[in-house]
Amino acid sequence: MNFDFSDEQKQLREEARRFLADRCPSTAVRAVLEGPEPYDKALWKGLAEMGFLGAAIPEEYGGVGLGHLELCVIAEELGRVVAPVPMASSIYLAAEFLMAAGSDAQKAKWLPKLASGEAIGTFALPEGVGKVTEAGINASVSGGKLSGTKVPVADGDVADLAVVVARSGGRVGLFLVDLTGPGVRREVVDSIDPSRSQARIVFDGAPAEPLGSPGEGWRIAADVMDRAAVLVAFEQVGGADRALEMGRDYALDRMAFGRQIGSFQAVKHMLADMYVAATLARSNAYYGAWALSTGSPELPVAAATARVSATDAFQHCAKNNIQVHGGMGFTWAFDCHLYYRRSNALALSLGSKSTWEDLLIDRLRNRNESPAAA
Amino acid sequence: MNFDDTPQEAEFRAVARAWIEANAPKELEADLKKSGFAGVNVGNRDPLQLSKAWQKKKAEAGWACLHWPQEYGGRGASPIERVIWGQEEGVFGALSGTFIIGHGMCGPTLMAWASEEHKRQLLPTMASGEHIWCQLFSEPAGGSDLAGLRTRAEQASDGSGDWIINGQKIWTSGAQHSDYGILITRTDPNVPKHKGLTMFWLDMKSPGVEVRPIKQANGQSGFNEVYFTDVRIPDNQRLGAVGQGWTVSLTTLMNERLSIGSGMPTGFPELFDYCMSLQTQDGPAIDDAAVRSRLAQYAVKASGLKYTGMRAISALSKGETPGPENSIGKLVAGATMQDLAMFALDLQGQAGVINGPDQTEASSRFQAMLLRSPATRVEGGTDEILRNIIAERVLGLPGDIRVDKDVAFKDIPTSGRA
């Protein structure tokens, strides 16, 4: 049994960690959080040059052609440093949609640009407050023109391409829309984590071409969201680990009542519980990575498991990291809030935790009821 | 990344599977599958006799204590082969519960500290289940603070070199069935507590040993008190030097943490099935949003434990030592099981309280879980001690300030009320 990453994949992790330590210190995250730039363009270019954006994109489409385990490793490292780049939107979602359902022409047109960072993609699904359901999709395509409003769209202000879920002829389908073209109006919306931007996009007769078979849209979206959930889970696991380390380091440094605060059981036990949550989430994320990389029919269960567990762990570690830091943790100057913000933004990014809990139970039930169940 | 056996592992698995297929007590399988939170289930049969019979059969064919050297009754197998055996033995492994303390803790301690003659005398009969062993560590005044134990060992005045034991142990699993035990005692109260301890092994039929079962909070009696009144132990049954008992006990306790891959039960599969079958006035319980959310939370804990175990097994498969992540197992499983049991009874409304013909078998299991789970959170290291271990050994946080560290044992206060 080898339920672990290979030595080569672990080397890639070290390479990514060194690169990000150099190119993505927390000052870089703060520059995006506080400044006018919607993402760190220099870092994005660097990630492309390192081959990280194209890790799971085939060589024939301009990628590096490694695989999804390698992308998981990179995602974990990006999560550790709460990188301010549109990785999830462009790579875990847009590129995965193209690979899952794109025609040869669509793949040839967009994947090389996504792999090189020349173009940014995103996925436009929700249309306002509330859980997203197939019946609740109002955006519609008629005669090749898309109309409707999507909000929030992660990185929608900077993306060149959107995969849009919309209704057409009574069926829900997926459509590719060039966001730099006509019929697209977009504006930045404030969010709890300005280190990754959010937008409202109003489509008013924007040219839209179908992606995948009509009527298959919801199924394809569910499959790609599962794939993205595993990758985001690795970002969350990386973030949870880093928040735990920050709390541990502070508990070792900070003195109160004449002793290190990390010698008080109330603090130690909080940190131990953070370790427990992070460990469970890591093991579940590995399960997701295995299912993703092997094309296992267990992916729906594994992805929902990884997603719920990683969301729990990152939120748990990020909030308790602030608690360990006490008042200092609530200052703008300390980095704790970068992780607190990101943990809560990621918890919502692919649909809320309760949505994924629901999915998990449905899928466990289907697996139990299926006669082929292991 | 995969769950596949290496060719050598697959070969070993095939041999193990074939032997189990041909030799396991199949007639017990249905009952054993229902074993759970209240011990091994073999219907109306005698569990001790059946356990000993299965262990003897395994030992004769070289399948007992796989990781022990052959000369001591083992097979000289690798750690991963031991895990594979456990997977293949499946429900029949429940019959080994009686021997866990001996095989998992007493055996490794003897292997590290006993004389060669004693090892050859004692270990093979321990492996074959002929003799059952217990571990006499905890005391009324020394549980989490084990080194605070008070059972005295004093050298006899007759010049024999024998030791005379007086005192009391508690929470001794299986003492009522045990032939032998390992015993930690205080030999010097005038030095700090960790320095005045000495370890022995003894015959549980020695005059002056009295075993009294404890009636537990759940009504069962798996644990015992053991009283020692002028019990005589020859000096050649001492394990390690006089005053070295703490170091010897760490050998035992380290081995307690090496039982990898067995997987602590959480009760999740039982709860999931129960929620599928339980009908409420709005349909099956599993359709209820609140139920689904709780189930999902338990699901990811159970899954996280399972795949944490897989990571440890993978390390063994590569010949590496598993990382510290296994220390979370009992901490997560114990608390999950307790919470889950309360939730399962809550689903039944007022009827959750009753146990009898009106209740399903599943419901009775949750009640047994509810009443047994407090012990899981205490035995073999309380939740709080486990959190300390994670904080100190994994995260590198400082140890507690120990006010009794440099104080002679006899001067440590024994009551919180002055």
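Predicted model: local features only at pLDDT ≥ 70, side-chain atom pairs only at ≥ 80, totals over all residues.

Reader: What is the radius of gyration of chain A, and what does the globule rule give for its 374 residues?

Author: The C-alpha atoms of chain A fill a box of roughly 75 × 55 × 40 Å along the principal axes. For 374 residues the globule rule gives 21 Å, and chain A is close to this, so it is as compact as a globular protein of that length. The radius of gyration of chain A is 21 Å.

Reader: How many residues of domain 3 of chain A are in contact with domain 2 of chain A?

Author: The domain assignment places domain 2 of chain A at 122–215 and domain 3 at 218–369. Their C-alpha centres lie 28 Å apart. On the domain 2 side, 13 residues take part, divided by class into six nonpolar, three polar and four charged. On the domain 3 side, the number is 12 residues.

Reader: What is the radius of gyration of chain B?

Author: Chain B has 12 helices and 10 strands, and its C-alpha atoms fill a box of roughly 80 × 60 × 45 Å along the principal axes. A compact globule of 418 residues would have a radius of gyration near 22 Å. The value for chain B agrees with this, at 23 Å.

Reader: How far apart are the C-alpha centres of domain 1 and domain 3 of chain B?

Author: The assignment for chain B gives domain 1 as 7–131, domain 2 as 134–248 and domain 3 as 264–381. Between domain 1 of chain B and domain 3 of chain B, the C-alpha centres are separated by 27 Å.

Reader: Is Gln297(B) buried or exposed?

Author: Gln297(B) is found in helix H9 of chain B, residues 289–317. A residue is buried if 20 or more other C-beta atoms lie within 10 Å of its own. Gln297(B) has 20 such atoms within 10 Å, and therefore it is buried.

Reader: Which residues have the most contacts inside the largest nonpolar core?

Author: Nonpolar side chains tend to be buried together in soluble globular proteins. The largest nonpolar core here has 225 residues. Apart from it lies another core, of seven residues, including Leu32(B) and Leu95(B). In the largest core, those with the most contacts are Val164(A) and Leu271(A).

Reader: Which element gives the most residues to the side of chain A that touches chain B?

Author: In this interface, 39 residues of chain A are in contact with 38 residues of chain B. The elements of chain A that give two or more residues are helix H7, strand E9, helix H8, helix H9 and helix H11. With 16 residues, the one that gives the most is H8(A).

How values were computed: Residues numbered from 1 in each chain as written. Chains lettered and ligands numbered in written order. Contact = placed C-beta atoms within 7 Å. Helix = DSSP H or I, 4+ residues; strand = E, 2+ residues; numbered from the N terminus. Rg over C-alpha atoms; globule rule 2.2 N^0.38 Å. Domains from an automatic or database assignment. Core = buried A, V, L, I, M, F, W, Y, C linked by C-beta atoms within 7 Å. Buried ≥ 20, exposed ≤ 12 C-beta atoms within 10 Å, placed from the backbone. Nonpolar A, V, L, I, M, F, W, Y, C, P; charged D, E, K, R; others polar.
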